[in-house]
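I opened this entry to record what I looked up in the model. My notes follow the order in which I checked things.

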Amino acid sequence: MIKVLFVCLGNICRSPTAHGVMERKLAMAGLSNSVEVDSAGTAAWHIGKQPDIRSQETARKRDYDLSHLRARQAVAEDFIEFDYVLAMDNENLENLEALLQMVPVAEVKSKPELFLEAYSTPTLKAKGLTEVPDPYYGGDKGFEAVLDMIEEACDQLILDIKSNKKLKE
Ligand code: 4NP
């Protein structure tokens with residue numbers, strides 16, 4: 001099993017969106033039984049909550065269901081369990097790097113990466129996008145833009161997973 005963790009700040013907007021998008025794209029690629037997806041926030045504010053209603057509505061319009069997801073906080077053990085730990089922005093990445101320091105080096109399976117940078121595409125590069133911006137305090141357009149970026153990078157991530165030797169084990 002390959003395990004993928006998406007991380008943002010609150011785990012109610014960006015990372016649950018990536019979680020729902022990736023789940024459906026993996027199902028469409030016939031990889032649901034080989035790849036497990038999860039998401040988490042670096043902050044504890046929204047633990048146990050459903051994704052923000054604006055994220056859910058934006059995703060639903062493109063047939064992604066986020067209603068089953070509940071927020072949790074990222075923990076040091078995530079670096080022992082997950083093969084991919086993908087941060088939405090540089091602040092999330094810095095917080096994850098601090099958490100990583102708590103894990104004995106020999107036990108670390110994955111180091112955190114900036115999602116859009118590690119799984120970039122010509123479209124994302126042309127737009128100069130390396131971070132998924134926090135949409136929480138903005139309008140609906142921000143949520144649409146977040147979903148566009150996440151769909152783009154998830155396709156690239158699936159290509160990487162398909163070439164992961166662990167998939168063939
Ligand atoms: P997320 O967005 O990190 O994409 O889930 C946010 C959600 C909540 C807050 C900030 C960002 N907040 O300040 O409560």
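Predicted model: local features only at pLDDT ≥ 70, side-chain atom pairs only at ≥ 80, totals over all residues.

H1 covers residues 14–28 and H7 covers residues 140–162; their axes are 9 Å apart and the packing angle is about 50°. That angle makes H1 oblique to H7.

Next I listed who makes the contact. From H1 I noted Arg14, Thr17, Ala18, Val21, Met22, Lys25 and Leu26. From H7 I noted Val146, Leu147, Ile150, Glu151, Cys154, Asp155, Leu157, Ile158 and Ile161. Sorted by class, the contact of H1 with H7 holds 11 nonpolar residues, one polar residue and four charged residues.

I turned to H2, residues 53–60, which also packs on H7. The axes of H2 and H7 come within 10 Å and cross at roughly 55°. H2 and H7 are therefore oblique to each other, and their crossing is right-handed. On the H2 side I found Arg54, Ser55, Thr58 and Ala59 in the contact, and on the H7 side Phe143, Glu144 and Leu147. By class, the contact of H2 with H7 has three nonpolar, two polar and two charged residues.

**Ligand surroundings**

Which residues are around the ligand? I wrote down Cys8, Leu9, Gly10, Asn11, Ile12, Cys13, Arg14, Trp45, His46, Asp134, Tyr136 and Tyr137.

I then checked distances to oxygen atoms of the ligand. For Ile12, a backbone N or O atom lies 3.0 Å from a ligand oxygen. For Arg14, a polar side-chain atom lies 2.8 Å from an oxygen atom of the ligand. For Asp134, a side-chain N or O atom is 3.4 Å from a ligand oxygen.

**Start of the chain**

Last, I looked up Met1, which sits in the segment before strand E1 (2–8). What does Met1 contact, leaving aside neighbours within four places in sequence? I found Asn33, Ser34, Val35, Glu36, Asp83 and Lys166. I also noted that Met1 and Ser32, 31 residues apart in sequence, are 9.8 Å apart in space, C-alpha to C-alpha.

Note on methods
Residues numbered from 1 in each chain as written. Heavy atoms only, no water. Axes fitted to C-alpha atoms, helices over the stretch in contact; angles between N-to-C directions. Helix = DSSP H or I, 4+ residues; strand = E, 2+ residues; numbered from the N terminus. Parallel < 35°, antiparallel > 145°, perpendicular 65-115°, else oblique. Contact = heavy atoms within 4.5 Å. Nonpolar A, V, L, I, M, F, W, Y, C, P; charged D, E, K, R; others polar. Near = heavy atom within 4 Å. Polar contact = N/O pair within 3.5 Å; in protein donor to acceptor, adjacent residues only side chain to side chain. Left-handed = near helix turned anticlockwise from the far one by under 90°.
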